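Try each one yourself before you read the solution.

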Amino acid sequence: EAKANGRNRFHVFNSEMAAATIARKRMKEDLSRALEEHELELYYQPLFSAQEPTLTGFEALLRWRSKSAGFVMPSEFIPLAEETGLIVAIGEWVIREACRQVGHLERQLGREFEISINLSPRQLLHDKLPQVIQEALEENCRRPSSLKMEITENILMTDSKLNQAAILRIRDLGVRIAIDDFGIGFSSLSYISRFPVDWIKIDKSFISDCANDPASLAVVRAIIAMAHSLGIHVTAEGVETSDQLSIVTNEDCDAIQGYYYSRPVPFSDLPRWIKSLAEPLENRCVEVAIPL
Ligand code: C2E
Ligand code: MG
Ligand code: MG
Ligand code: MG
């Protein structure tokens, strides 16, 4: 009987696996049409300088409004886009679209913003990337230094010579380089100093724990001290509470990003959100009908 049970379980397991495989295949096919079907959209999460504090710019974050799967978050489809190589075309679109939209907003409001854009490993190594960035800057008359390209820590660890060259090529355009999700990988401090890095974003897991866990606070402190001694600026990502905000501000973080200030905002709501900055924090939320 145990054997029969085991076999049944195996069957169930197998058919679940098969269903998941089919779903993934379907999603990949849908994703390959998402660009031409205009199903991709950028949300913008505000970035604040820590000391003043003032709004300095936005991180562009992809969302997929799939006709078949509904509203899909990047954690679900970016891995598929990387596997299939679609990330190159999608990433190119993100760069152009973010520069175009934020450029539009800047003209509308008469002020400049910084834009942060995520780069996946595959995109970084693509030959055309510097040209795509250059064109997006020129077409929108952007200062290169107002664009920050975010790469994850593990890019520094793998194929380091190739990646180093690719990073140098885009940094030569005058754009800034940030290391995203810093602290969860294994890069040592000496590693970072070998790359032309302008910013480090401390991973949100340390920020969410720093108010309660002395070890996380120690990590946050060490990262900031190390970065500053190398001339690198630091962003605290995932700041949700006023306790966390005062800790990272006291620890001399340079920039803040997180739900405390705002969730990612759809482009069409940005002007309204920016205007509401003059109001107290509790009135500042934009109503959004869809999950963020
Ligand atoms: P990321 O680059 O580290 O972006 C920050 C993520 O943390 C975003 O999730 C953001 O919504 C979330 N976040 C911000 N503040 C808080 C907070 O206070 N609390 C919590 N719990 N979360 C917060 P999102 O938008 O789901 O994006 C997830 C990841 O997907 C990004 O992580 C990035 O690695 C990737 N991604 C998003 N857009 C793109 C893109 O255009 N290209 C590439 N290659 N990757 C992208
Ligand atoms: Mg990022
Ligand atoms: Mg991050
Ligand atoms: Mg990330």
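**Exercise 1.** How much space lies in the largest cavity?

*Solution.* Some ground rules come before the steps. This is a predicted model, where local features need pLDDT of at least 70, side-chain atom pairs count only at pLDDT 80 or more, and totals for chains, interfaces and linings use all residues. Residues are numbered from 1 along each chain as its sequence is written, chains are lettered from A and ligands numbered from 1 in the order in which they are written, and side-chain values use heavy atoms, with hydrogens and water left out.

Step 1: set up the search. On a 1 Å grid over the protein atoms alone, a cavity is a set of points where a 1.4 Å probe fits but cannot get out, and lining residues have an atom within 4 Å of a point. Points are joined across faces, edges and corners, and a volume is the space filled by probe spheres set on them.

Step 2: count and size. There is 1 cavity of 30 Å³ or more, and the largest cavity holds about 60 Å³.

Step 3: V88, G91, E92, Q123, H126, K128, L129 and V132 line the largest cavity. The top contributor is α3, with 3 residues.

**Exercise 2.** Describe the largest pocket.

*Solution.* Step 1: unlike a cavity, a pocket is an open set, with protein on both sides within 12 Å along at least five of seven lines. The largest pocket has a volume of about 860 Å³.

Step 1: of its 35 lining residues, E59, L61, P74, N118 and D180 are closest to the centre. The largest share of the lining comes from β2, with 5 residues.

**Exercise 3.** Which protein residues are the donors of the magnesium ion (ligand 2)?

*Solution.* Step 1: collect N, O and S atoms within 2.8 Å of the metal (3.2 Å for Na, K and Ca); water isn't among the atoms, so sites may look incomplete. That picks out E59 (OE), N118 (OD1), E150 (OE) and D180 (OD), at 2.0 to 2.2 Å.

Step 1: N118 sits in strand β4 (residues 114-118) and E150 in strand β5 (residues 147-152), 32 residues apart.

Step 2: check burial, where buried means under 20% relative accessible area, exposed over 50%, and partly exposed in between (1.4 Å probe, protein chains only). N118 is partly exposed at 30%, while E150 is buried at 2%.

Conventions. Helices (H or I, at least four residues) and strands (E, at least two) are DSSP runs, numbered from the N terminus.
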